[in-house]
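Welcome, and thanks for taking a look at this one. Here are a few points to read with the structure open beside you.

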Amino acid sequence: MPRVVPFDLDRLRDPALRPIGEKLNAGERLSLNDGVTLFTSPDLNGVGAMADAANRARHGDRVTFASNQHINPTNICVLRKTCVFCGYARLPKEAGAYRYTLDQVLAESDRADGTITREFHIVGGLDMQAGLAYYTEMFRALKARHPQVHIKALTAVEIAHIARIEKMSRADVLTALREAGLDTLPGGGAETFSAAVREQIADKKLGGTDYIDVHRTAHQLGIRSNCTMLYGHVETIDDRMQHLAMLRDLQDETGGFLAYIPLAYHPDDNELGATLGRTGTSTTGFDDLRNLAVGRLFLDNFEHVKSHWIMVTPSLTQVALHFGVNDIEGTVVREKIYHAVGAHTPQGMTLPQLLQLIRGAGKQPAERDSFYRVLREFGPEETGENQPAGDAMAVA
Ligand code: V47
Ligand code: SF4
């Protein structure tokens with residue numbers, strides 16, 4: 001729900017932003033038109049200042065991250081030909097196609113040597129050979145080997161795929177996965193909800209209302225989730241606002257979303273990038289900051305807005321901490337999806353590097369768990385080294 005955000009209107013250079021600043025001061029909800037104004041105003045600093053005020057009202061100077069590890073068990077995907085923005089997927093017999101055995105997943109889960117992993121983030125392709133049993137066996141084995149680790153796994157698109165191939169309801173699939181160890185759902189697969197956009201970039205993929213429906217079902221079962229929006233491809237400002245409105249509506253209904261994460265489209269090594277004639281970085285720093293800031297302002301019922309430093313770079317993420325962002329992607333360890341489409345960022349960050357990033361922006365770092373409970377705050381001299389996970393205590 002919107003809350004009163006004290007904001008000094010004199011900080012705004014664009015008069016069109018004033019009514020939005022007034023709404024913040026009055027604790028009023030922003031409209032779709034307000035969102036369009038935020039996306040189009042030339043006064044990015046004004047937009048950022050409002051988002052910063054909204055963020056500070058909730059989180060002060062605290063910036064959180066999780067010690068997490070990404071695992072992508074299969075890149076085989078039935079949508080390989082129609083998700084034209086994806087550079088990660090392969091057809092079963094194509095060069096580079098892989099599906100991990102259980103032993104390979106377990107070996108991958110042991111890779112975070114020296115770093116404490118508290119969360120596995122597990123997503124992959126829509127693989128006909130990776131049905132419910134593949135994942136239930138995997139989750140059970142991971143929980144047996146790493147009992148303290150939270151499993152955030154399978155996008156709404158993957159849940160719907162498993163339900164389809166197993167001829168089960170989505171609720172039954174979610175229940176069976178939870179019994180096997182699934183804790184929360186990640187936000188991937190949302191792309192941009194607009195049917196016209198999906199037809200161009202992700203034809204045949206689960207539609208926007210179905211994405212919302214899977215998350216609603218999960219929330220009703222008590223499984224919380226994240227949500228995303230892929231921007232910077234063919235979508236319009238109206239498409240972005242329609243997408244954000246659908247997320248805000250579901251959050252009003254269930255309160256089940258933990259965080260919103262805008263994802264910057266990367267054009268390398270994928271068909272869409274070639275069609276659009278783009279290489280290198282596709283989105284501008286302006287647009288990246290604006291998407292994060294608008295997310296913070298429009299999604300007034302979301303507690304957390306996360307910057308995915310892998311996609312927008314660690315440097316821009318530092319700036320984003322003053323544009324409404326209170327959470328950053330964690331240690332990650334080994335990232336594959338964006339590194340298949342031209343990301344030049346590191347594949348993971350150590351705890352000391354994350355602390356340096358956050359402190360360098362004048363913020364106070366805190367490690368959190370997957371439900372955003374703060375596990376430890378770091379004093380100015382603490383390096384994060386030699387601090388075993390078992391000693392961590394929930395402090396907030
Ligand atoms: O849905 C695929 C995106 C997403 C490209 O929930 C691309 O905590 C850019 O959702 N350019 C999956 N993006 C990743 C994801 C995510 C990441 C970090 C944290 C969380 C979370 C979720 O990756 C896909 C798609 O939108 N993606 N290809 C590309 N060329
Ligand atoms: Fe498959 Fe996901 Fe890539 Fe689409 S984005 S082709 S569903 S792996």
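**Notes for a first look**

1. Let's begin with Arg240, a residue of helix α10 (residues 237-254); helices here are DSSP runs of H or I with at least four residues, numbered from the N terminus. Arg240 is buried, its relative accessible area being 5% (buried means under 20%, with a 1.4 Å probe and protein chains only). Setting aside neighbours within four places in sequence, Arg240 is in contact with Phe39, Met229, Tyr231, Gly232, Glu235, Asp287 and Asn291, where contact means heavy atoms within 4.5 Å.

2. A word on the basis of all this: the model is predicted, with local features needing pLDDT of at least 70, side-chain atom pairs counting only at pLDDT 80 or more, and totals for chains, interfaces and linings using all residues. Residues are numbered from 1 along each chain as its sequence is written, chains are lettered from A and ligands numbered from 1 in the order in which they are written, and side-chain values use heavy atoms, leaving out hydrogens and water.

3. Next, find helix α3 (residues 44-59) and helix α12 (residues 285-298), which pack at about 45° with axes 9 Å apart; axes are lines fitted to C-alpha atoms over the stretch in contact, and angles run from 0 to 180 degrees between N-to-C directions.

4. Now turn to helix α5 (residues 132-145) and helix α6 (residues 156-166), whose axes come within 9 Å and cross at roughly 125°. That angle makes α5 oblique to α6. Leu132, Ala133 and Tyr135 of α5 make the contact with Glu158, Ile162 and Glu166 of α6.

5. How many of the 11 residues of α6 are buried? Eight are, so α6 is mostly covered. Among the buried ones are Val157, Ile159 and His161, and the cover includes α5, α7 (170-180) and α9 (208-220). Lys167 follows α6 and has a positive phi, near 55°.

6. Finally, ligand 2 is surrounded by Cys77, Leu79, Cys83, Phe85, Cys86, Ala89, Gly125 and Lys205, each with a heavy atom within 4 Å of it.

Definitions and conventions: Helix = DSSP H or I, 4+ residues; strand = E, 2+ residues; numbered from the N terminus. Parallel < 35°, antiparallel > 145°, perpendicular 65-115°, else oblique. Buried < 20%, exposed > 50% of the residue type's maximum accessible area, 1.4 Å probe, protein only.
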